[in-house]
Amino acid sequence: MVIETGNLSRGALQGRVAVITGAGGGIGYEAARSLAWLGCRVVIAEIDRRKGQQAAVQINREFGAGSALFVRTDVGHERSVRRLAKRIDRVYGKVDIVLNNATIASLGAVKDIDIKAWDDSYRVNLRGPVLLARTFVPGMIARNWGVFACVSSTGTAYMGAYECFKAAQVHLGTTLSEELSGTEVAAFTIGPGFVPTQTANSSIPRLAALMGKPEQELRDLLRPHTLSVEAAGAGFAAAIAMASQYRGQEVSSMQALIDAGIEVAAPDETGLTDQRIEVRTLTEEEFDRALSLCRSIRDTLARESASWKERSVFEQQWLIRTFRKKASMPVDEWLRLLEQLEDALSRRDTSTLAATQVPLSRLADYYRHLYDMAKGYVKDPAKREEQLGIVKSWQEEVEQLDELLR
């Protein structure tokens, strides 16, 4: 199993009870397997009876009787969630972990998607997590331990009816984290990246057509963010095991795998097998140059993000949201990735460089956005030119490092 290749101990979550919604297959099923390996008793909260029963049977066969329980659940239906809670209370007596994996997705332009599709997406992708929080978080608070994990996806055209509510889960996780401050209950959000499940693979041609792109071009764009189904599920489970360090954050499966010391591999174009990501061999001079650039980029980002704390709370929130949107992940996650990249470069460790995937082009996109904003917001011509030059130098450093490592 992917989960057992890192530094997490088998049984690290022994005795914990985890509810995984939509765990009849795909990422949810693999997350349930990984959580069972970590010692959890897993509850497969799945609306598809056949898939849910089959998943529970397979996990019980793999990890022993009593490892998994299937409860047919419609997460958007309040009575169904209440029935889920009653069944778990009778069998296990508590819930320690909730992973909001269940989802439905509709493709199409905002103007074209039927309002029923929006309503259905809201039920599963936002109403469901809220019902689960209302049902299970009070017990976590009473026992002073728990994990509530939301699952996010943001920023892609023609997926609005899906991603608007997935983005709302980020805010749900952040809000819960603030409300749970001072307790040992952790709330955070995790994104899987692109995972080539059967459903995702079948959606690529239609999404590419909507975007006006060749299908292969879209697949190439997604590839740096791609994980196998098992790896994505293992990343979910690893993040839950390390939840205390992710409180209030939005992280990725890939980052959780890296933090857990699990080697990251990318699926081939069929999504069926894993293969090592290749990075080109650097000369000693190129290693030194890349290391110098990485240190400078990390120092700049650390300095700039620290300065946000001097702004008003509303400005802070705007800056944090803007960075996350343009750079594709939170600033804390960027700083961790750059630190890991710096360490790999300093040790000339090519294998870790392959595993530490840093989407530098997205950070460059953020600096381009900052450059454009400075054009309009800095009124004094001399100060504007000075500011534009500084931001341009930040962007160029990122682009140079990206070019070296590409």
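Author: Buried means under 20% relative accessible area, exposed over 50%, and partly exposed in between, with a 1.4 Å probe and protein chains only. The structure is a predicted model, in which local features need pLDDT of at least 70, side-chain atom pairs count only at pLDDT 80 or more, and totals for chains, interfaces and linings use all residues. Residues are numbered from 1 along each chain as its sequence is written, and side-chain values use heavy atoms, with hydrogens and water left out.

Reader: Is glycine 108 buried or exposed?

Author: Glycine 108 sits in the loop between β4 (97–99) and α4 (115–143); helices (H or I, at least four residues) and strands (E, at least two) are DSSP runs, numbered from the N terminus. Its relative accessible area is 6%, so glycine 108 is buried.

Reader: Which residues are in contact with glycine 108, leaving aside its neighbours within four places in sequence?

Author: Contact means heavy atoms within 4.5 Å. From glycine 108 to alanine 161 the C-alpha distance is 8.1 Å, across 53 residues of sequence. With neighbours within four places left aside, the contacts of glycine 108 are Ile113, Tyr158, Met159 and Leu210.

Reader: What is the phi of tyrosine 158?

Author: Tyrosine 158 is one of the residues in contact with glycine 108, and its place is in the loop between β5 (146–151) and α5. With a relative accessible area of 29%, tyrosine 158 is partly exposed. Its phi is positive although the residue is not glycine, with a value near 70°.

Reader: Where is arginine 348, which has a positive phi, found?

Author: Arginine 348 is not a glycine, yet its phi is about 55°. Its relative accessibility is 26%, so arginine 348 counts as partly exposed. Arginine 348 is found in the loop between α12 and α13 (350–355).

Reader: Which residues are in contact with valine 195, beyond its neighbours within four places in sequence?

Author: Valine 195 belongs to the loop between β6 (185–191) and α6 (198–211), and at 6% relative accessibility it counts as buried. Glycine 146 is 49 residues from valine 195 in sequence and 27 Å from it in space, C-alpha to C-alpha. Beyond neighbours within four places, valine 195 is in contact with Ile27, Ala200, Leu227, Ser228, Val229 and Ala232.

Reader: What is the relative accessibility of serine 80?

Author: Serine 80 lies in helix α3 (residues 78–91). Apart from neighbours within four places in sequence, serine 80 is in contact with Arg72, Thr73 and Asp74. Serine 80 counts as buried, at a relative accessibility of 4%.

Reader: Which element gives the most to the lining of the second largest pocket?

Author: A pocket is an open set of points on a 1 Å grid over the protein atoms alone where a 1.4 Å probe fits, with protein on both sides within 12 Å along at least five of seven lines; lining residues have an atom within 4 Å of a point. The second largest pocket is lined by 23 residues, with Thr174, Gly248, Gln316, Ile320 and Arg324 nearest its centre. Elements that give two or more residues to this lining are α5 (160–179), α10 (284–307), α11 (313–327) and α12 (331–346). The most, six residues, come from α11.

Reader: Why is the protein described as being as compact as a globular protein of its length?

Author: The protein has 15 helices and nine strands. Its radius of gyration is taken over C-alpha atoms, and the globule rule is 2.2 Å times the number of residues to the power 0.38. For 406 residues the rule gives 22 Å, and the protein is described in this way because its own radius of gyration is close to that, at 22 Å.

Reader: What percentage of contacts between residues at least 6 apart in sequence join residues at least 24 apart?

Author: Of the 406 residues, 51% count as buried, and the C-alpha trace spans about 70 × 45 × 45 Å along its principal axes. Among contacts between residues at least 6 apart, the share joining residues at least 24 apart is 73%.
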